[in-house]
Amino acid sequence: MFFIKELTHTILMHPSYFGPRMLEIIEAKLHSDVQGTCTGQYGFIIAVLEIIDVGPGIVLPGNGQAEFKTRYKAIVFKPFKGEVLDGVVTNVLRAGFFVEVGPLRCFVSQQLVHPDMRFDANAAVPSFSSQDQVIEKDTKVRLKVVGTRVDQTEIFAIATIKEDHLGVID
Amino acid sequence: MTTRLGRRTHLEEEDAATLKLGAEFNNAGCLLISEVKILLKEKEGKPGVDSPVFNKTVEYVNMFSKFSTEDTIGLVRATLRRQANLTQFETAQLANLCPSTAEEAKSIIPSLAKYDDDELQPLLDELQSMRRFQD
């Protein structure tokens with residue numbers, strides 16, 4: 001699910017940046033620091049929409065750097081267990097297939113695919129197929145997240161299509 | 001015993017099926033894929049936004065956005081607001097997935113089970129027709 005979320009980020013500024021263009025530099029630094037990152041708590045931070053407040057900028061005793069506690073609004077994407085999402089298949093293996101839902105990578109194990117759908121080793125491209133459906137690279141599928149794993153820099157999801165109203169979509 | 005129970009509720013697992021999104025997201029504003037598309041279009045090409053996460057998201061929202069104009073999105077939001085008890089999450093899921101029958105809606109968004117089919121169906125029909133008749 002995409003959310004609009006208020007977040008904070010602390011920026012340390014070297015005294016050489018203090019001056020008329022300081023706000024611009026803080027803004028640019030905030031964008032480059034947080035956009036495209038991912039944390040377990042907030043999910044993927046896709047884009048900063050607006051900066052609400054950069055804070056007073058308190059000079060740290062001892063080294064002269066100023067600390068700005070910025071507050072900003074951002075578009076974030078976080079997957080939840082039990083959520084149904086649409087995605088695109090990127091890679092099909094015997095053990096299952098990978099689906100990309102925007103920045104999120106999901107894996108659907110062959111055990112979580114309907115038993116009618118079999119891995120087809122003889123096809124030109126690796127695929128899962130039943131009589132009327134084929135899952136191969138670039139197929140759009142609707143899936144349900146059954147679990148997520150959070151790494152330092154990425155969230156990874158395990159998903160199923162073995163329920164009603166899930167599977168290939170057009 | 002009470003402390004153990006207390007700890008368990010504290011560590012309660014996030015589960016979209018029962019609308020438990022965790023402390024950070026329970027009251028956060030949900031965005032429709034179509035809204036993300038419009039917001040990101042304004043950002044595209046600006047310095048500092050060009051990351052793999054951003055590009056993949058742009059690609060994704062362009063592919064799965066169901067409603068194309070701000071006007072239609074406004075209408076969709078207004079329609080879903082009429083069913084006053086829908087949470088943000090349910091609203092966004094309905095508009096993102098556009099289920100065609102009440103049974104399908106309840107199956108892919110389990111928290112909708114509390115509504116009657118007769119309540120949901122007109123809402124879903126309206127969403128479908130808005131999707132069909134947008135330019």
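I counted the charged side chains of chain B: 17 are positive and 22 negative, with the centres of the two sets 4 Å apart. Lys and Arg were taken as positive and Asp and Glu as negative, leaving out His and the chain ends; each charge was placed at NZ of Lys, CZ of Arg, CG of Asp or CD of Glu.

I note that the model is predicted, with pLDDT of at least 70 needed for local features and 80 or more for side-chain atom pairs, while totals for chains, interfaces and linings use all residues. Residues are numbered from 1 along each chain as written, chains are lettered from A and ligands numbered from 1 in written order, and side-chain values use heavy atoms without hydrogens or water.

I looked up the secondary structure of chain B and found 7 helices and 1 strand, in the order α-β-α-α-α-α-α-α from the N terminus. These are DSSP runs (helices H or I, at least four residues; strands E, at least two).

I recorded a box of roughly 60 × 45 × 20 Å along the principal axes for the C-alpha atoms of chain B. Of its 135 residues, 46% are buried (under 20% relative accessible area; exposed is over 50%, partly exposed in between; 1.4 Å probe, protein chains only).

I then checked contacts (heavy atoms within 4.5 Å) in chain B: among those between residues at least 6 apart in sequence, 62% join residues at least 24 apart.

A:Val59 counts as partly exposed because its relative accessibility is 47%.
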